[in-house]
Amino acid sequence: NYPQYGTRYYENGQWIPDRHSDKAVEVFLNSRQGFENVLISHGYNGVKYPRKPCIITEMNVARKQIDETLGGIVLQRNFTIKAIVKAQQADIKLIQWFLTGEGKSYDDPTAGPYDLMGFYENLKPITPGNEVITDQGRANRTTYEQIYGWEYDDAETLGLMLPDTIDGAAFSKNGSIRYVLWAKTDTDQSENAAAQISLPAASYTQVNWDGSSEVVNGGNVQLSGSPVFLTP
């Protein structure tokens, strides 16, 4: 799934671009539901035949805005975390990111969107040990460190009663709870968003996309378009 092909809508006889990370997440989740609907129509509904597990064999967005396509450094890193979280909520078993390392340099005028997807900058001229991790690679690493081994918790997620301006999910492990939350983006070519939420505990350790952390007041958590990991 490549969300860049769905981040627009048709209105008054023309296509209107809608390029931001939450729209990209919506596109990929709708794609998953489309496949599921086809399977259900053929009896793979858990009653007549077993439901089929879902995986994604390729997915990404570019870390650079090129022509009219979806892209951007902040957009890509935000999408990475949001997609991993929402995939677990949608019972998607696996995401395989395209790809490990980029094929061209960021400032190469010949680079297309698929050349600038990856966890490392252009690997072709690099000798082993000198790889440069991208913000997407760092966001993926942080997400792995924060929720690997944790289970998506539907009851705790529903208990948050998230408003339309906030998205995310709760995860649990050995009786502990960890939230991943963000303010939903809604503007073309902008990752700016802001929202506030009150959480049950008095204070939380907040881990940001890059692994940095701080302690925040649970009664007044300020969210942006970039997801944060919150642990009481």
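**Exercise 1.** Work out which element gives the most to the lining of the second largest pocket, and with how many residues.

*Solution.* 
- The model is a predicted one.
- Now list the elements that supply at least two lining residues each. These are helix H1 (21-41) and strand E3 (54-59).
- Next, take the volume. The second largest pocket holds about 210 Å³ of space.
- Then find the residues at its centre. It is lined by 14 residues, and Ser31, Arg32, Phe35, Cys54 and Ile55 are the closest to the centre.
- Finish with the classes. Eight lining residues are nonpolar, two are polar and four are charged.

**Exercise 2.** Describe the largest pocket: how much space lies in it, and which residues lie nearest its centre?

*Solution.* 
- Volume: the largest pocket contains about 530 Å³ of space.
- Centre: 18 residues line the largest pocket, and nearest its centre lie Ile84, Gln88, Lys93, Ile147 and Tyr148.

**Exercise 3.** Trace the lining of the largest pocket to its elements, then sort the lining by class.

*Solution.* 
- Four elements each supply at least two residues: helix H2 (73-89), strand E4 (92-97), helix H3 (135-147) and strand E5 (151-152).
- E4 has the largest share, with five residues.
- Sort by class. The lining has eleven nonpolar residues, four polar ones and three charged ones.

How values were computed: Residues are numbered from 1 along each chain as its sequence is written. This is a predicted model: local features need pLDDT of at least 70, side-chain atom pairs count only at pLDDT 80 or more; totals for chains, interfaces and linings use all residues. Side-chain values use heavy atoms; hydrogens and water are left out. On a 1 Å grid over the protein atoms alone, a cavity is a set of points where a 1.4 Å probe fits but cannot get out, and a pocket is an open set with protein on both sides within 12 Å along at least five of seven lines; lining residues have an atom within 4 Å of a point. Grid points are joined across faces, edges and corners, and a volume is the space filled by probe spheres set on the points. Ala, Val, Leu, Ile, Met, Phe, Trp, Tyr, Cys and Pro count as nonpolar, Asp, Glu, Lys and Arg as charged, and the others, Gly among them, as polar.
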